[in-house]
Amino acid sequence: MSEYNRGGPVSLYLHFPFCERKCRYCDFLSGPAGEETREEYVDLLCREIELRAGEITAPSESAAVVDSIFIGGGTPSLMTPVQAARVMDTIRSRYQVLSDAEISMEINPGTVDPLKLLGFKAAGIGRLSIGVQSFDDSELHLLGRIHTAAEARETFHAAREAGFDNINLDLMSALPGQNIETWSHTLKEAVSLGPEHISAYSLIIEEGTPFASLLNAGELPDLPSEEEDRRMYHFTKQFLASEGYRRYEISNYAKAGYECRHNCGYWTGHEYLGLGLGASSCLGSERFRNPDKMNDYRKAVNDTNEYDPVNAMRRERQTLTREDRMEEFMFLGLRMTEGVSEKEFEKRFGVKMEDIYGGMLHRHLEQNVIRRTPDHRIALTEYGLDVASYVMADYLL
Amino acid sequence: MASNHYDNIRERTRNFCIVAHIDHGKSTLADRMIERTGLLTSREMQDQVLDNMELERERGITIKSQAVRLVYKAKDGVEYIFNLIDTPGHVDFNYEVSRSLAACDGAILVVDATQGIQAQTLANVYLALEHDLDVFPVINKIDLPSAMPEEVRHEIEDVIGIEAEDAPLISAKQGIGIEDVLEAVVEKIPAPEGDAEEPLKALIFDSLYDSYRGVIVFCRIRDGVIKKGMQVRMMATGAVVEVVEVGYFGPGQFIPCDELAAGQVGYFTASIKNIKDARVGDTVTEHTRPCAEPLPGYKKAQPMVFCGLYPADSAKYPDLRDALEKLQLNDASLFFEPETSLALGFGFRCGFLGLLHMEVILERLEREYDLDLISTAPGVVYKVFKTDGTMIELTNPSNLPDPAKIEHMEEPIVSAEIMVTTEFIGPIMQLCQERRGRYLDTEYIEATRAVLKYELPLNEIIYDFFDALKSRSRGYASFDYDLKGYETSELVKMDILVNKEPVDALSFIVHAAGAYDRGRKMCEKLKEEIPRQLFDVPIQAAVGGRIIARETVRQLRKDVLAKCYGGDISRKKKLLEKQKEGKKRMQIVGNVEIPKEAFMNVLKLDAGN
């Protein structure tokens, strides 16, 4: 029995917290581990997938409907094709995965070969997100990546060979020592491969990472100046647009029809269940996280009862109030270049956006950081996208 | 009751205070004396019993006077009654010191054996001597390796000129020599004079507002007896009230007793609702049998430093008013009146004894009354003489009349004594010069220490002079001052324009010669304080409509959160919340968000030295 009523299909996020070696900028929940640990983890993950199916199955359904799956990490491509297949089969045995569901997996070029990619394809993975980050070997080295630019290119070609027709390349700007030349080289190399999707993120130096301490100790090249950073940023927008990649989200660009549905789901209030160590979920009006310590996670999975999966697994539970949901509608929705719909707001909350945010909307329109489209959507302007956080913070109630 | 009963008590009474430079161990010594006389066991002792405001404990300073009665059985077998009156140590609170001294007959001077005499040691000793108190020294911190008790003994004799040959050598912290101090109190401090048969004559030296009992009046009985049910009259205000309770001071509590007679220190209550009816310095007498003449009072403390105080949330204006009224109940030297600012809305112009007093009040308002405040540039009171022959006392720069109508202006000047080791004389003289000081004299205390005497405009020392003094002398200089009077000065009003709009709350009066420099520094500092906005923000300093300095806060270029990983929205929201918190600390002036701290921080121009 499900304890809540869902409105439609759900997304699944699966976390694979292992990598070959931790990158120097990384503060995600991940780290190296041996084969045995990885195998045990896949066992736990499969068991969790089975146990939690009931959690999101509506009384009217025989199995919950899933419209997208994203396997992230860590480095999920450290899984063997057999492990990946087990995970996918387990999902299919308990959930109703739509035939056109988007099924993505992150891969690290240093961890795959043509055979492995064929295996992932056979397991049912349809979309790959390749963590390229840079096509400059010295930048890759600086980041602590385990692959070269040439290996990234090979991986891309091998993926095409294996039949993947929906590929994203992850790229990173604002790296120490980076300049407009190295960055435009990276972008041009990426575009020349012809991926369907490009994510271009700015590096954020997170506290507690080796990068942060190296930077403090003055052992990294200088970060790009503000002027340089801005040049790179504008070049990205213009160049990718000219190459047919539409910016549909702050950091994401895609050819028409290849926008990442899973990712858009996060910004538009789509429900998702996170599976695996420390994975986040949003179901109904609740956000929560799985345990983020391995022992804790193992115990929670072992303690979980199929008829009551909720209590052992859900941590950091937060029931979203109406205000929370309004805030999220705004600050998440505004990440999308098409913005948020005033009509949708009114439909969801029974009150006009204007009545809640009138003063702020007015101020932001005047400051030219948002615009109102003819079809009554509120979207960030070009400048608004540049200063998105500054603007979004104003929509917290 | 027989007069010999009263005389017997009076003969066994000692009313005294402890004076010292800040940190020389005054409060610790008081604590040890309380402990040793058995009033509290050491387990019951909280450090520094007499500093009972949370802030006082934290800062290790005494703000309000406190008093406590101790009973000491001396070596001569007699039980003595000690009334120990603790006094504030900071120059801002000299006024409190002097009124406390009026309740005493003697003083213990505490000198730190490692530091010797400091500026406030001298200032406080002089105050005590002015009040005709018998002063005896004790040398504290003798347990420290750097203690030089013999040198300090000579210094006390040479510099102050009081006998120090048999000054007790003590460590208040370790409890060493406390017995000697107690014996010295018996021997060296005279018993109070006075006649219990005479009409009541008592001096009000402090008061405290209590919401249940009304004003609690702290008094020293000079003559006569005060008891419950007596009709008493405040001689200056003329108020007549009936005494409800009399008592003396236990540690941290009031202990009622039947009566207080000549020579005693204690309190009474009389359902007095308004603290103004029991003015500090006033004389209390019996209504039906008044004394012939009041005691010489002392002059009311004049606020020397003024600033505007505004609630960050304008809806809190009434709360701020209530809080100020409550604080004023116990702090007659706090002044306030309503004012309005274009930038900050409704608030109050407040007057303080000095900058520390101001900081203490601000902190209490924020902590005890949970108010989020914006304060404007502290300034002094200028005298503006107009061409029509009238004079106004200017406390708010915004009220400066049209310059064409000003004949001349005067500013307050202080006489300052700065005690410093000789190696820092150069840097300190330079600092005084920068602050428009007029050099008077250097007095050498010993080969390595000197007192520099300067006259300085008060305006130049209220912001950050003390910090600058400490930083330029590696903490060795100490400082004390007295208001000397007013002098004509070439003063101008400086306006600060943010995004071309003058921000009234940032206007201030400055000496013409220093205007350019101050304007430039203000603009630079504001540029650091104002975060980047969605457009370029020019910051300008102007004197009489002429721009003399300019900086620009460049438009915010990029502020985007990267990747939101695996749907971890909560983490993202936390970051936005942090950003929003930052914005809440801002005041929107015109179209620009200015952090509230900026209004205060821009004044600390010299802190980096």
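Guide: In this predicted model, the part to begin with is an open sheet of 3 strands in chain A, whose order is 13-15-14 and whose pairing is antiparallel. Strand 13 (340-341) and strand 14 (370-372) of chain A stand at the edges with a single partner strand each, so one side of each has no neighbour in the sheet. Strand 13 of chain A is joined by 2 bridges to strand 15 (residues 377-380) of chain A, the two running antiparallel, and in this part of the sheet A:Val340 lies opposite A:Ile378 of strand 15 of chain A.

Among the contacts in chain A with a separation of 6 or more, 72% are between residues 24 or more positions apart.

Another antiparallel pairing is that of strand 10 (280-283) of chain A with strand 11 (residues 286-289) of chain A, which extends over 4 bridges. These two strands of chain A form a hairpin with 2 residues between them, and A:Gly284 in the turn has a positive phi of about 55°; A:Leu283 has A:Glu286 in strand 11 of chain A as its bridge partner. In a regular strand the side chains alternate between the two faces of the sheet. In strand 10 of chain A both faces are covered, with A:Ser280 and A:Cys282 buried on one side and A:Ser281 and A:Leu283 buried on the other.

Turning to the helices, helix 6 (residues 180-193) of chain A packs against helix 8 of chain A at an angle of about 25°, with the axes 10 Å apart, and helix 6 of chain A is therefore roughly parallel to helix 8 of chain A. The crossing of these two helices is right-handed. Helix 6 of chain A contributes A:Ile180, A:Trp183, A:Ser184 and A:Leu187, which meet residues of helix 8 of chain A including A:Arg231, A:Phe235 and A:Phe239; by class, this contact has 6 nonpolar, 2 polar and 2 charged residues.

Finally, 34 residues of chain A are in contact with 21 residues of chain B. Elements that give two or more residues to this side of chain A include strand 10 and helix 8 (226-242), while helix 16 of chain A gives the most, with 5 residues. The residues of chain A on this side divide into 19 nonpolar, 9 polar and 6 charged.

Definitions and conventions. Residues are numbered from 1 along each chain as its sequence is written. Chains are lettered from A and ligands numbered from 1 in the order in which they are written. This is a predicted model: local features need pLDDT of at least 70, side-chain atom pairs count only at pLDDT 80 or more; totals for chains, interfaces and linings use all residues. Two strands pair if DSSP finds at least two bridges between them. Two residues are in contact if their C-beta atoms, placed from the backbone, lie within 7 Å. Ala, Val, Leu, Ile, Met, Phe, Trp, Tyr, Cys and Pro count as nonpolar, Asp, Glu, Lys and Arg as charged, and the others, Gly among them, as polar. A residue is buried if 20 or more other C-beta atoms lie within 10 Å of its own, exposed if 12 or fewer, and partly exposed in between; C-beta atoms are placed from the backbone. Axes are lines fitted to C-alpha atoms, for helices over the stretch in contact, and angles run from 0 to 180 degrees between N-to-C directions. Angles under 35 degrees count as roughly parallel, over 145 as roughly antiparallel, 65 to 115 as roughly perpendicular and the rest as oblique. A crossing is left-handed if the near helix is turned anticlockwise from the far one by less than a right angle, and right-handed if clockwise.
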